[in-house]
Amino acid sequence: MPTLQDFKRPQSVAEAVAMVREGSGRGGFVAGGTSLGLARMVPYDYLVDITGIGLNEIRRDGESVRIGAAVTIGQLAISPVLAIGELQFLMQAVLSVATRQIRNMATVGGDLISGYPMADLPAAFLVLEAKLSLAGVDQETILLRDFLDPAVSRGLNGGLVTEIIFPVPPPDSRGTFIKFARTENDVALFDLACLVRLKGDQFEEVRVALGCTTPLPLRLTAMEEFLQGKRVQAKVVAQAVELATQDLPILDNIRGGRTYRKQMVGVLLRRTLLASVGKGGGSR
Ligand SMILES: Cc1cc2nc3c(=O)[nH]c(=O)nc-3n(C[C@H](O)[C@H](O)[C@H](O)COP(=O)(O)OP(=O)(O)OC[C@H]3O[C@@H](n4cnc5c(N)ncnc54)[C@H](O)[C@@H]3O)c2cc1C
């Protein structure tokens with residue numbers, strides 16, 4: 001296992017990528033350092049700091065939002081760019097991450113891509129259909145949902161994520177985010193994000209994602225397809241929840257057994273959907 005010997009401060013994206021490459025693959029990027037700080041042994045010889053290379057901006061670009069990968073979760077929480085009704089659920093997700101102290105160090109890029117199993121942001125960004133901009137590898141962008149597969153992200157090893165980009169949801173969308181944890185500041189047992197558009201009394205479009213209770217965060221596509229065009233009714237929602245939970249690969253670990261999680265995920269999915277259509281509460 002290597003021991004950490006150096007900390008480099010590049011001035012640009014190109015310099016950061018070159019610095020990581022120059023030590024024959026023994027260097028790694030560091031942003032907030034909160035995830036690396038949890039590691040018993042940092043798996044690099046040296047770290048390349050990406051907080052001073054211009055990846056710290058949040059901006060609206062036409063119908064898209066672009067978030068620099070080194071923006072802290074705390075910066076997101078106070079960004080006027082995100083202070084619109086359609087993104088209120090994203091703000092709920094942001095404010096559910098750890099404590100203010102951690103949010104002020106941890107970056108959005110780090111939370112999405114470090115593979116931290118209890119990360120709260122992936123579910124919210126999955127329903128936003130976010131993509132990541134990359135530097136230092138052949139591919140320029142990748143969908144977050146593809147990147148979350150470790151087999152895919154391993155293939156992009158040495159690549160730097162520079163931005164998170166997503167289209168602003170249409171103004172008639174309603175979103176909900178629920179984090180369910182044992183205490184206010186604990187890591188999640190369940191994260192649920194939902195974005196719904198209605199046409200009259202029917203579901204026009206439904207996007208639902210789950211985090212922290214399956215091996216990887218995922219979109220519940222069977223449920224989404226089932227609901228499209230259906231009437232907004234409690235029995236329809238119950239059928240959709242049944243369909244979604246049938247074959248879910250639910251975790252079974254020290255934080256929660258599979259039987260408990262399977263039952264709770266159904267309850268929370270129903271609550272999340274009903275809250276998104278204005279028929280119930282959407283808090284923890
Ligand atoms: C006490 C504590 C409580 C926590 N609670 C929560 C919680 O409730 N919810 C939650 O979601 N998270 C929680 N976290 C996790 C925290 O949010 C993540 O660790 C953090 O978001 C990771 O971001 P970072 O900038 O600190 O990453 P770093 O530690 O700097 O990096 C993590 C990994 O990602 C790589 N990396 C980082 N940025 C990039 C990039 N742009 N491109 C390529 N590779 C990159 C690094 O090389 C490293 O391997 C907690 C962490 C701690 C320490």
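**From fold to ligand**

The protein contains twelve helices and twelve strands; these are DSSP runs numbered from the N terminus, with helices being H or I of at least four residues and strands being E of at least two. Keep in mind that this is a predicted model, in which local features need pLDDT of at least 70, side-chain atom pairs count only at pLDDT 80 or more, and totals for chains, interfaces and linings use all residues. Residues are numbered from 1 along each chain as its sequence is written.

How does the chain divide up? An automatic or database domain assignment gives domain 1 (6-49), domain 2 (58-167) and domain 3 (174-276). Taken over C-alpha atoms, the centres of domain 1 and domain 3 are 37 Å apart. The C-alpha trace of the whole protein spans about 60 × 45 × 35 Å along its principal axes. Of the 284 residues, 40% are buried, meaning that 20 or more other C-beta atoms, placed from the backbone, lie within 10 Å of the residue's own.

Now turn to the ligand. Around the ligand sit 31 residues, the closest being A31, G32, S35, G110 and D111; a residue counts as near if its C-beta atom, placed from the backbone, lies within 6 Å. Two or more shell residues come from each of β2 (27-30), α2 (34-38), α6 (108-113) and β8 (160-167). Domain 1 (6-49) and domain 2 (58-167) each supply at least three residues to this shell.

Conventions. A residue is buried if 20 or more other C-beta atoms lie within 10 Å of its own, exposed if 12 or fewer, and partly exposed in between; C-beta atoms are placed from the backbone.
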